[in-house]
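This report describes selected strands, sheets and helix contacts. The sequence and the structure come first.

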Amino acid sequence: MKTEILAVSAPAIERAANALVAGEPVALPTETVYGLAANALDPVACARIFEAKDRPLNDPLIVHLPDIGWLARLTKPSALALRLAETFWPGPLTMVLPRTEVVPDLVTAGQGTVAVRMSAHPVFRAVAEAAAIPLAAPSANRFGRISPTTAGHVLSELDGRIGIILDGGACSHGIESTIVLVEDDGIEILRHGPITAGALEKIASVRATSHGDIATPGSLKSHYAPVTPLDLVESLAGEARENTGLLAWHPVDDGAGFTAVEVLSATGDLREVAANLYAGMRRLDERGLSRILALPVPEDGLGAAIMERLQKAAARE
Ligand code: TXA
Ligand code: MG
């Protein structure tokens with residue numbers, strides 16, 4: 001299959017929407033990372049997502065709603081869920097809620113819940129509104145690999161496996177949405193992301209993660225991972241630097257001797273670090289190095305989400 005990258009235009013948006021309605025997967029920009037979207041109500045279309053990504057069928061998909069009216073059609077939202085939607089949508093918050101019968105089992109991996117969000121990206125919204133269907137969309141990378149934050153990244157992951165990539169430029173957040181399990185009296189953070197625990201605490205009581213037996217994004221230790229082994233180290237002292245890349249979230253004084261260095265933010269600004277994280281990791285990965293070293297970020301606010309990604313990138317299994 002020939003993969004085309006389309007620049008954003010009214011005809012390109014229409015073509016993407018028509019392809020989605022016809023059951024084809026299409027890669028679209030969101031404010032977090034690029035997603036590989038398909039009609040969430042069509043199990044055959046969703047099966048194409050799993051096929052293109054080499055994704056195991058027991059890993060459920062996030063459904064992106066074209067408008068808030070779909071929330072009650074696909075889920076049974078509690079008062080708390082409605083309040084969270086009102087506060088954070090459209091935006092990078094995914095809620096795991098009880099599902100209705102309308103949602104195909106393939107989307108939920110047979111679970112009683114479905115993960116839903118509404119993207120704030122203008123291109124994603126335009127396509128979703130034109131298609132007028134909920135769109136299942138995981139990140140547009142092969143399973144377990146680094147999430148794409150540009151159309152070029154999607155091409156390097158899925159070239160020949162999908163027909164259309166809509167190029168909306170680089171994603172502003174750069175890391176995947178925050179995922180919360182919503183219960184009547186509180187929420188549990190299943191994946192940290194751009195909506196921080198602090199922001200959520202203003203609306204809901206946030207419980208410590210128990211994970212339980214649901215299929216969570218954290219169920220696999222290794223994820224968002226480069227092919228090159230990546231290690232998180234507290235200090236660079238004593239580390240071999242030959243054929244080694246350094247992923248630094250701020251400029252470092254003792255970075256001499258590394259084969260390649262990616263500084264994610266000149267000022268150590270965590271938003272900038274998140275936005276540049278995957279592109280920096282991917283550039284180091286493409287160098288064919290024997291090892292990548294990463295320095296840990298402070299774990300409060302957005303730092304929790306960045307550290308979660310670094311730990312999963314560093315996990316070997
Ligand atoms: O920012 C994002 O969330 C991006 C963009 C494209 O929207 N999407 C994304 O999807 O990161 P994905 O599939 O790469 O990660 C979603 C995670 C999966 O690891 C899956 O296990 C989890 O969400 N998930 C989906 N449905 C779930 C459910 N019902 N219960 C618990 N976890 C669920
Ligand atoms: Mg993913």
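Strands and helices here are DSSP runs, numbered from the N terminus; a strand (E) has at least two residues and a helix (H or I) at least four. In a regular strand the side chains alternate between the two faces of the sheet.

β14 runs parallel to strand β13 (residues 244–248), and 4 bridges join them. Within this pair, leucine 247 has glutamate 262 of β14 as its bridge partner. Two strands are taken as paired if DSSP finds at least two bridges between them.

## Basis of the model

This is a predicted model, in which local features need pLDDT of at least 70 and side-chain atom pairs count only at pLDDT 80 or more, while totals for chains, interfaces and linings use all residues. Residues are numbered from 1 along each chain as its sequence is written, chains are lettered from A and ligands numbered from 1 in the order in which they are written, and side-chain values use heavy atoms, with hydrogens and water left out.

## The sheet of 4 strands

β13 and β14 belong to an open sheet of 4 strands in the order β12-β15-β13-β14, with parallel pairing. β12 (230–232) and β14 are at its edges with a single partner strand each, so one side of each has no neighbour in the sheet. From one strand to the next the twist averages 20°.

Aspartate 231 stands opposite leucine 293 of β15.

## Helices α9 and α10

Helix α9 lies across β12, β13, β14 and β15 and runs at about 175° to β13. Helix α10 also packs on the sheet, where it touches β12, β13 and β15, and its direction makes about 130° with that of β12. Such angles run from 0 to 180 degrees between N-to-C directions, and axes are lines fitted to C-alpha atoms, for helices over the stretch in contact.

The axes of α9 (residues 270–285) and α10 (residues 302–314) come within 9 Å and cross at roughly 20°. The two helices are therefore roughly parallel to each other (angles under 35 degrees count as roughly parallel, over 145 as roughly antiparallel, 65 to 115 as roughly perpendicular and the rest as oblique). Their crossing is left-handed, that is, the near helix is turned anticlockwise from the far one by less than a right angle; clockwise would be right-handed. On the α9 side the contact is made by Leu270, Arg271, Val273, Ala274, Leu277, Tyr278 and Met281, and on the α10 side by Leu302, Gly303, Ile306, Arg309, Leu310 and Ala313. Contact means heavy atoms within 4.5 Å. These residues divide into 10 nonpolar, 1 polar and 2 charged; Ala, Val, Leu, Ile, Met, Phe, Trp, Tyr, Cys and Pro count as nonpolar, Asp, Glu, Lys and Arg as charged, and the others, Gly among them, as polar.

## The sheet of 11 strands

A second topic is an open sheet of 11 strands with mixed pairing, in the order β1-β8-β2-β3-β7-β4-β6-β5-β9-β10-β11. Its edges are β1 (4–7) and β11 (206–207), each with a single partner strand, so one side of each is left without a neighbour in the sheet. Strands β2 (residues 26–28) and β3 (residues 35–39) run antiparallel and are joined by 3 bridges. Alanine 27 stands opposite leucine 36 in β3.

In strand β6 (residues 113–117), 5 of its 5 residues are buried (under 20% relative accessible area with a 1.4 Å probe, protein chains only; exposed is over 50%, partly exposed in between). Thr113, Ala115 and Arg117 point one way from β6, and Val114 and Val116 the other way. Strand β4 (residues 62–64) runs parallel to β6 and is joined to it by 3 bridges, with valine 63 partnered by valine 116. Strand β5 (residues 93–98) pairs with β6 in the antiparallel sense over 4 bridges, and proline 98 stands opposite threonine 113.

## Around β5

Helix α4 (residues 79–88) lies across β5, β9 (178–183) and β10 (186–191), at about 160° to β5. Threonine 100 is in the loop between β5 and α5 (105–108). Its relative accessibility is 13%, so threonine 100 counts as buried. Apart from neighbours within four places in sequence, threonine 100 is in contact with Ala72, Arg73, Leu74, Thr75 and Lys76.
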